[in-house]
Amino acid sequence: MPLSPQLLQAYRNADYVVFAERNIVLRVGERNAALDALMLAQGQASAAFITAANPRGEKRSDAENGAANAALLGCVAVAGHAHYLGEGRDPSGGWSEPSFLVIGISRASAEALAQRFAQNAIVFCELGRAPELVVLEK
């Protein structure tokens, strides 16, 4: 079942906050010099903003989301990727969910990881380019 236009718009309009030394707010379609600097500092040219919370956009408890994100973080650690804690947020305050910015992950690996955790989309980032919303096939 395709994502509703409202859900797609919510993903496009969200603030994707990276809890780094100074918080970095990513927005789909807007280049971000602070993100580029963070990737360069890690010697990488790509990153993905990803969560395991609320699979398929269905609200889950904090405990369920915490367990899912812990499993996601375990996969990231096994792959050896640097990561930063983060949060996807509705700019008007309607929702938020814990997330991660995974540094150095390829787009294909990020998509596969997100699909493993039943996510609708990721935000993929490449050095010098605006973050891109990537809607995943079901």
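Predicted model: local features only at pLDDT ≥ 70, side-chain atom pairs only at ≥ 80, totals over all residues.
**Sheet**

The model has an open sheet of 7 strands. Their order is S2-S1-S4-S5-S3-S6-S7, and the pairing is antiparallel. Strand S2 (24-26) and strand S7 (132-135) stand at the edges. Each has a single partner strand, so one side of each lacks a neighbour in the sheet. On average, neighbouring strands of this sheet are turned by 30° against each other, direction ignored.

Inside that order, S3 and S6 pair over 4 bridges in the antiparallel sense. Ser46 stands opposite Glu126 in S6.

**Aromatic pair**

The count of aromatic pairs comes to 1. Its members are Tyr16 and Phe49. The centres are 5.2 Å apart, with 70° between the planes. Planes over 60 degrees apart count as edge-to-face, so the pair of Tyr16 and Phe49 is edge-to-face. Tyr16 belongs to strand S1 (residues 15-18), while Phe49 belongs to strand S3. The pair therefore ties together parts that are 33 residues apart in sequence. Both Tyr16 and Phe49 are buried.

Which residues other than glycine have a positive phi? Arg56 is one of them, and Ala118 is another. The table sets out their values.

| Residue | Phi | Loop | Relative accessible area |
|---|---|---|---|
| Ala118 | about 55° | between helix H4 (107-116) and S6 | 23% |

Buried means under 20% relative accessible area, and exposed means over 50%.

**Largest pocket**

How much space lies in the largest pocket? The volume is about 390 Å³. The lining of this pocket holds 24 residues. Leu7, Tyr11, Gly57, Trp95 and Glu97 lie nearest its centre.

Four elements each supply at least two residues of the lining: helix H1 (5-13), strand S3 (46-50), strand S5 (96-103) and strand S6 (121-126). By residue class, the lining divides into 12 nonpolar, 8 polar and 4 charged.

Strand S3 links several of these topics. S3 pairs with S6 in the sheet. Phe49 of the aromatic pair lies in S3.

Terms used. Residues numbered from 1 in each chain as written. Heavy atoms only, no water. 1 Å grid on protein atoms, 1.4 Å probe; cavity = no way out; pocket = protein on both sides within 12 Å on 5 of 7 lines; lining within 4 Å. Points joined across faces, edges and corners; volume = space filled by probe spheres on them. Nonpolar A, V, L, I, M, F, W, Y, C, P; charged D, E, K, R; others polar. Pairing = 2+ DSSP bridges. Axes fitted to C-alpha atoms, helices over the stretch in contact; angles between N-to-C directions. Phe/Tyr/Trp six-rings, centres within 6.5 Å; stacked < 30°, edge-to-face > 60°. Buried < 20%, exposed > 50% of the residue type's maximum accessible area, 1.4 Å probe, protein only.
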